[in-house]
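Subject: Structure handover and notes

Hello,

Here is the structure we discussed, with notes on what was found in it. Please read the notes with the structure open.

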6 protein chains.
Amino acid sequence: MPIVKIDMLEGKTAEQKEKLVIALYKAFEENQIPKEWVTILFNDNPVENWAVGGEMLSEKIKKE
Amino acid sequence: MPIVKIDMLEGKTAEQKEKLVIALYKAFEENQIPKEWVTILFNDNPVENWAVGGEMLSEKIKKE
Amino acid sequence: MPIVKIDMLEGKTAEQKEKLVIALYKAFEENQIPKEWVTILFNDNPVENWAVGGEMLSEKIKKE
Amino acid sequence: MPIVKIDMLEGKTAEQKEKLVIALYKAFEENQIPKEWVTILFNDNPVENWAVGGEMLSEKIKKE
Amino acid sequence: MPIVKIDMLEGKTAEQKEKLVIALYKAFEENQIPKEWVTILFNDNPVENWAVGGEMLSEKIKKE
Amino acid sequence: MPIVKIDMLEGKTAEQKEKLVIALYKAFEENQIPKEWVTILFNDNPVENWAVGGEMLSEKIKKE
């Protein structure tokens, strides 16, 4: 039954998402939650849609 | 007041969404929830953003 | 695959939710979306957690 | 820790979002919630994905 | 139309939420978004349901 | 930046959630996503709030 929604910064390839999905399913199985029950849904978000720690993510990235 | 968020696989047309919206509003009204109170919001998700039942949706579709 | 999340005001009984679920599944089926694919999840929210139309829902209800 | 997700109609510019973010962070700070703790995430939704008050948002806009 | 969902740590009183709501509506209005259009919904989450920065929030709080 | 929201059936202990969190963070790290960036938030849902595969979860469980 678990529904896992993951908001990420856009830019991950389908292959990167698949590798992450495999690792996440392994994490659930190690915790006695059969992967057959788990739905995972990614949401790709452009950088201008995020603000973290008090400022736009785009500003934060510029400073680093 | 109800807020209904529907994550779907992308590809539905505006017309298909409108027909579904009409049917959903009817379902709420049959249950004494006035449609004036209900907000419905679709989110279209590409196939590579879903994993169900332990594998990427794109893999599952290939097998069927 | 559709995932339907419904935020409602708390207070609906399990029986009221079940009746609404049956009506919603019917709405999906009428639109060629098999009910076997659809997950529905309610979230019950207390009145003090909502604000609509510019004021707390609790204030709005008092006025009506 | 607060996570703020804002579903809006698409069309806001990055500059408009940044101004809104600044105002929202100010609102949190005035309520003793340090902006360093708050994540804000916008989701831009096309008009055909919304239904409010019993009809598609696109219909509602036409009438106004 | 904007829908604002705010996941917070549980413990805020109804009065604290109302003050925050007023400030948030002001933020939207300052950005030409009429408060009549905006729905705000809080979700109160217990400390054991959060993990931030690589550890359970309960662990993080203990260290501070 | 990733925000991971996990809707689960209520009943997991704080200890079970912590073990799952550790495994999920490991999954992100194996995929070059530093755990310092990732927020995880569980939402515990009672059985009467779920419907899957066309029926209430409570009905489904009775049959198994």
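A polar contact here is a pair of N or O atoms within 3.5 Å; within protein, one of the two must be able to donate a hydrogen and the other to accept it, and residues adjacent in sequence count only if both atoms are side-chain atoms. By that criterion, four residue pairs are in polar contact between chain A and chain F, both residues of each pair being at pLDDT 80 or more. The pLDDT values apply because this is a predicted model.

The interface of chain A and chain F

The side of chain A that touches chain F draws at least two residues from each of strand E1 (3-9), helix H1 (14-30) and strand E3 (50-52) of chain A. H1(A) gives the largest share of that side, with nine residues. By type, the residues of the side of chain A that touches chain F are 16 nonpolar, six charged and two polar.

In total, 24 residues of chain A and 24 residues of chain F take part in the contact. About 1,900 Å² is buried between the two chains, and carbon and sulfur atoms account for 72% of this area. On the chain A side, the most area is lost to chain F by Met1(A), Ile3(A) and Asn31(A), which together make up 26% of what that side buries.

The two chains also pair through strands: E1(A) and strand E1 (residues 3-9) of chain F run antiparallel and are joined by five bridges. Within this pairing, Val4(A) has Ile6(F) as its bridge partner.

The sheet that holds this pairing

E1(A) and E1(F) sit side by side in an open sheet of eight strands with mixed pairing, in the order E4(B)-E3(B)-E2(A)-E1(A)-E1(F)-E2(F)-E3(E)-E4(E). At its edges stand strand E4 (55-56) of chain B and strand E4 (55-56) of chain E; each has a single partner strand, so one side of each lacks a neighbour in the sheet. Further along the order, strand E3 (residues 50-52) of chain E pairs with strand E2 (residues 39-45) of chain F, antiparallel and over three bridges. Ala51(E) has Ile40(F) as its bridge partner there.

Two helices to look at here are H1(A) and H1(F). H1(A) lies across E1 and E2 of chain A, E3 and E4 of chain B and E1 of chain F, at about 140° to E2(A). H1(F) lies across E1 of chain A, E3 and E4 of chain E, and E1 and E2 of chain F, at about 140° to E2(F).

Another eight-stranded sheet

An open sheet of eight strands, with mixed pairing, runs E4(D)-E3(D)-E2(B)-E1(B)-E1(C)-E2(C)-E3(F)-E4(F). Strand E4 (55-56) of chain D and strand E4 (55-56) of chain F are its edge strands, each with a single partner strand, so each has one side without a neighbour in the sheet. Strand E2 (residues 39-45) of chain C and strand E3 (residues 50-52) of chain F run antiparallel, joined by three bridges, and Ile40(C) is partnered by Ala51(F). Helix H1 (residues 14-30) of chain C lies across E1 of chain B, E1 and E2 of chain C, and E3 and E4 of chain F, at about 140° to E2(C).

Over all chains the count is 36 salt bridges. One of the pairs is Lys26(B) with Glu30(B), at 3.5 Å from N to O; both residues lie in helix H1 of chain B, four residues apart, about one turn of the helix. Chain B and chain F do not touch, their nearest C-alpha atoms being 13 Å apart. Chain C and chain D do not touch either, and their nearest C-alpha atoms are 13 Å apart.

Regards

Terms used. Residues are numbered from 1 along each chain as its sequence is written. Chains are lettered from A and ligands numbered from 1 in the order in which they are written. This is a predicted model: local features need pLDDT of at least 70, side-chain atom pairs count only at pLDDT 80 or more; totals for chains, interfaces and linings use all residues. Side-chain values use heavy atoms; hydrogens and water are left out. Contact means heavy atoms within 4.5 Å. Buried area is the accessible area (1.4 Å probe) that two parts lose on being put together, summed over both. Ala, Val, Leu, Ile, Met, Phe, Trp, Tyr, Cys and Pro count as nonpolar, Asp, Glu, Lys and Arg as charged, and the others, Gly among them, as polar. Two strands pair if DSSP finds at least two bridges between them. Axes are lines fitted to C-alpha atoms, for helices over the stretch in contact, and angles run from 0 to 180 degrees between N-to-C directions. A salt bridge is a side-chain nitrogen of Lys or Arg within 4 Å of a carboxyl oxygen of Asp or Glu.
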